[in-house]
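Here is a short tour for anyone meeting this protein for the first time. Have a look at the structure, then read on.

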Amino acid sequence: MPKFVYDFSEGNKDLKDLLGGKGANLAEMTNLGLPVPPGFTITTEACRHYLAQGTVPEGLDEEVSQHLAKLEARMGKRLGDPDDPLLVSVRSGAKYSMPGMMETVLNIGLNDRSVLGLAKQSGNERFAWDSYRRLIQMFGKTVLGIEGELFEAELERLKNGRQDTDLSAEELRGLVDTYKGIVREHTGREFPSDPREQLDLAIKAVFDSWNTPRAKLYRRQERIPDDLGTAVNVVTMVFGNLGEDSGTGVAFTRDPGTGRKGVYGDYLPNAQGEDVVAGIRNTIPLQELERLDPKSYRELLDIMARLESHYRDLCDIEFTIERGKLWMLQTRVGKRTAAAAFRIATQLVDEGLIDMDEAVKRVSGAQLAQLMFPRFAEDAAHRPITKGMNASPGAAVGKAVFSSERAVELAEKGEAVILVRRETNPDDLGGMIAARGILTSRGGKTSHAAVVARGMGKTCVCGAEELDVDVVNRRFTAPGGVVVNEGDVISIDGTTGAVYLGEVPVVPSPVVEYFEGKPVDDELVAAVDRIMRHADSVRRLKVRANADTPEDAARARRFGAEGIGLCRTEHMFLGERRKLVEDLILAATPEERQAALDALEPLQTKDFVGIFTAMDGLPVTIRLIDPPLHEFLPDLTELAVKVATAGEAASERDRKLLEAVKRLHEQNPMLGLRGVRLGLVIPGLFAMQVRAIATAAKQVPNAKAEIMIPLVSTVQELEIVREEAQRILAEAGVDAMIGTMIEVPRAALTAGQIAEAAEFFSFGTNDLTQMTWGFSRDDCESSFFGKYFDLGVFGVSPFESIDRSGVGRLMRIATEEGRRTRPDLKLGICGEHGGDPASVHFCHELGLDYVSCSPFRIPIARLEAGRAAV
Ligand code: ADP
Ligand code: MG
Ligand code: MG
C-alpha cells in the first residue's frame, strides 16, 4: 500500500507532484531549520483516489491518526482538547499554484468547550471567540457549502462601520451563535463539534475543491492538467489575531514588478490568514514592521535572504507573528511580471546564482510576447484622474464594467472592457479573463486581483484608493467630482498605475523597437538582449518567417528570421489583379488562357524580385498557388442577384462569370479543387509561377529559391509537377530546391515515397490538423470548441498547439520515413504552430531543421528554440 501521509520532515521541494507545491516547500523550509509550525501532508495520490472513487483510500484514516497522534505528542496538546486545545489548519496545495482557487479551513478543533480552553490558555477571550467564528464561517462556506455572503452580511451588520478588531469578546460570542443558527438553518444539523469529524470533513472538502468551476476555469486558462489533484496540508495553527503584538503578512524577496531588490510586502497587525489578501482592513507596508517588532523584522529579512539563495530565485512567502514569535507558513518561487522575469534572470546571473542557460529557462516566449505589447504614449493631453498601484503591466483601454457577468457579456460581443471592482475574489475569474484590464480600489500588490492578473499577463491597477466604487449603481467616482458610469471608456496603465478618462493613444514597446534594430537605452531591453543572444547561440532550430510581401520580409529579417519558410503566392492574385485571375478562369480557349497567364507572369516576377532582394541571399520557400479557385471569384449569391436584377442589361462578362462560379462551386472547398490539384487541372498555371520564380532568381544574383508544392497526397502528383518545374528551371539555368508541404494525412503516411520526389518537407500543420481531426477550422473553432473545453475533450485547441499524440505522431512518421529515403531531407514547419512555444519544443524534439512563423512571433520562436535546447 502506498504511503499517503508525509510529515513535513519527510518531504522536500522536489516532491511537488506528490505533496503539492505548498507541502513540498513547507517540508523544504522545515528541513532548512526555519520556524514552520509542525504538520503533515496528505498526498495528491490520495486525492486522485478520492476523486475517482468517491471515498478516501483504505489506510488513509489510519495514517492520519498516526500522524495526528505524533503531532499531538510533539505539541503537548490534543486536537480540540477542552482545556488546552491543539488547533490545525487544513490547506489545499496543488502541484501548480492556483492562488485562492481552492479551499483552506483554519482553526479546526474549536467547539463550545475547547473555545473556553483556548480563552483560558491564551488569556484572551476575544481572540478565542474570533477564532471560533472564523472556523464556523470558513467551515460553513467551504465544507458545508453554505453561501459565504450569509456569514459576511452578519459580520458587516455587527461591525456597523467599525473595524473587525473593534468587536468585543461578547459580540463575537453572539456572532458564533448567529453563525451556528445559519448552519442549522441551511444544513438541518448542528455545526459538527467533534474535532476529528471536523478534520475529516475538511480534508474531503479540500479534495473536492479541486473540481470547483472556478478551479477548472483557472486550470484551463493556465493550461494546468485536470487530473493532478491537490495535496492537503494539516498545519498546527499559529495566531496572528492574538493582539497588537501579533499579525500576519505576505512578502516577496524582491519586487515582482521590476525585479529590484528591496523590502517588499504587506503586513496586517492583529489579523489571521486570509485577512491580508482579502483586503478586510488596509495593510501597512512591510517596512513598518521594523518599528513594530524589530526582532521579528530582522529575522524575517534574514530568512528571505536565505530562501532566495536557496531557491536561487525570487520567492514569495506567507508569515505570521504570534506574540513576537515569527512563523513561516508558506513559500514558493513567486509569480512575477514578464519584465521582472527577464530582469531577475540576468540579475541572478550577475549575482552568480545561476548561469546563462538557466537564465534562458527562467523566461518564456509568452512573457516575451507580453513585452512586445504597445504602451500608452506620454502625452500631455491626458492627465490621470487617479493613480493606484502598478500591479501588472500593460496598457488597457475599454468600457468600465462593474461585474464579472457584465464583463463576459460585453466581451462576447467583441467589446473591450475594463473590470472595475472594489476588490476581486475568485468568483470574478471569468470577468478577469474576459476583460482587457482590471482596476480595483482596494488591496495591495499581493491582493487577489494583482496576483491573478500577473499570472494571466493581464493589465491591472489595484488599490486606487481615491476611487469610490459603487458596484450596485455601476459607477465610480474619482477626485474632483469625476463620475464614470458603466460603459464609459477608461484607460489604465499597469506599468505606472495611472487611470485615465477616455482613450489614451498607445505607442510601440521599447522591446519591439529593439527588435526593429533601433538603439534603445533601457535596462529591460539590455536584459532581453542578453537572453536573446544566449538563446540564439544555443538553439538548434532555425527560425524562418511566413511572409508574402517585401515589407514583411524585411521586418522578419530585422526580427532575426533566417529565411522565409512560407511565401504564399495567392495573396499576390488579389486586388487589381483579380480581373486577370477571372480572365484565366473564364478562358474558353488555350490562347485566351495563355494570354491571361502571360499577363500575370511579369507581375509575379516583380513580387519575387522584391522578396528575394529583401531576403538578400537567405532561402525563400515559395508555395505555388494553394486555395480553391472560387476564393478569387465573386460570391455566388451576390453575383446571381446582380445578374437577375440587371435582366437583359446584364453584361456578357457577368453572365460568363456567373456560369463559371456555378461550375466551380463546391460543397466542401477545403477538400476540393485546390493546391497541387489546381496545378494539375489548369494547364500552364504552375508553369507560369515557376517561370516567374526562375526569372526573378536570375535578376537577383544571390536569390535562394525553394519551390513548394501544396496539398500533395501521393508521390505521383508531385512527380508530374516536379518534372515540369525542373524542365523550366533547367531551361532558365536556375538552381532551386523542389519540395512539398506535408499537410494531408496520406502524405505523412507515405512520406517515404514522397521523399523520393521532394528535397524538403514543410509541415502545413493547419491543414494537417484540420484533416487529421476532420475539423473544419473555419467552422469548428467558433461553433463547438467552447463546449469541448468545458467537457475536457482537450485543454487547448489543436489549432493553437500541436496535438502531439495525433498530428504529432503523423509528423514523427513523416520525419522518420522521409529521412530514411533521403537522409539530407530538409524539414520545417510553416503552420500557425510554428510560433507556439509548446509546438516549437515539439519540433525541436522531432529534430526539424526550422520553424516558420509570422514576423511578430519570430523573437518568441527564437527564444523558445533556445529554451528547448538548454
Ligand atoms: P492559499 O493557498 O489560498 O494561500 P493557504 O492554505 O495558504 O491558502 O491559507 C490561507 C491563509 O491562512 C494564508 O494566509 C495562510 O498563511 C493562513 N494559514 C494557513 N495555515 C495556517 C496556520 N496553521 N496558522 C496560521 N495561519 C495559517
Ligand atoms: Mg497561501
Ligand atoms: Mg494548407
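Predicted model: local features only at pLDDT ≥ 70, side-chain atom pairs only at ≥ 80, totals over all residues.

Let's start at the ligand. β5 (88–94), β6 (104–108), β7 (230–236), β11 (315–322) and β12 (325–333) each bring at least two residues to the shell around ligand 1. Strands here (E, at least two residues) and helices (H or I, at least four) are DSSP runs, numbered from the N terminus.

Residues are numbered from 1 along each chain as its sequence is written, and chains are lettered from A and ligands numbered from 1 in the order in which they are written.

Back to the shell: ligand 1 is surrounded by 16 residues, and S89, R91, T104, V235 and G273 are the closest. To be near, a residue needs its C-beta atom, placed from the backbone, within 6 Å of the molecule or strand. Sorted by class, the shell holds 6 nonpolar, 7 polar and 3 charged residues. (Ala, Val, Leu, Ile, Met, Phe, Trp, Tyr, Cys and Pro count as nonpolar, Asp, Glu, Lys and Arg as charged, and the others, Gly among them, as polar.) Domain 1 (5–236) and domain 2 (247–333) both give residues to this shell, so ligand 1 lies between them.

The domain assignment also gives domain 3 (373–507) and domain 4 (539–571 + 591–625 + 679–869); such bounds come from an automatic or database assignment. The centres of domain 1 and domain 3, taken over C-alpha atoms, are 33 Å apart. In the contact between them, 8 residues of domain 1 meet 10 residues of domain 3, a contact being two C-beta atoms, placed from the backbone, within 7 Å.

Now for two helix pairs. Axes are lines fitted to C-alpha atoms, for helices over the stretch in contact, with angles from 0 to 180 degrees between N-to-C directions.

| Helix pair | Axes come within | Crossing angle |
|---|---|---|
| α5 (residues 125–142) and α7 (residues 169–187) | 8 Å | roughly 20 degrees |
| α24 (residues 636–646) and α25 (residues 652–664) | 10 Å | roughly 145 degrees |

On the α24 side, L636, L639, A640, K642 and V643 meet D654, R655, L657, L658, V661 and K662 of α25. That contact has 7 nonpolar, no polar and 4 charged residues.
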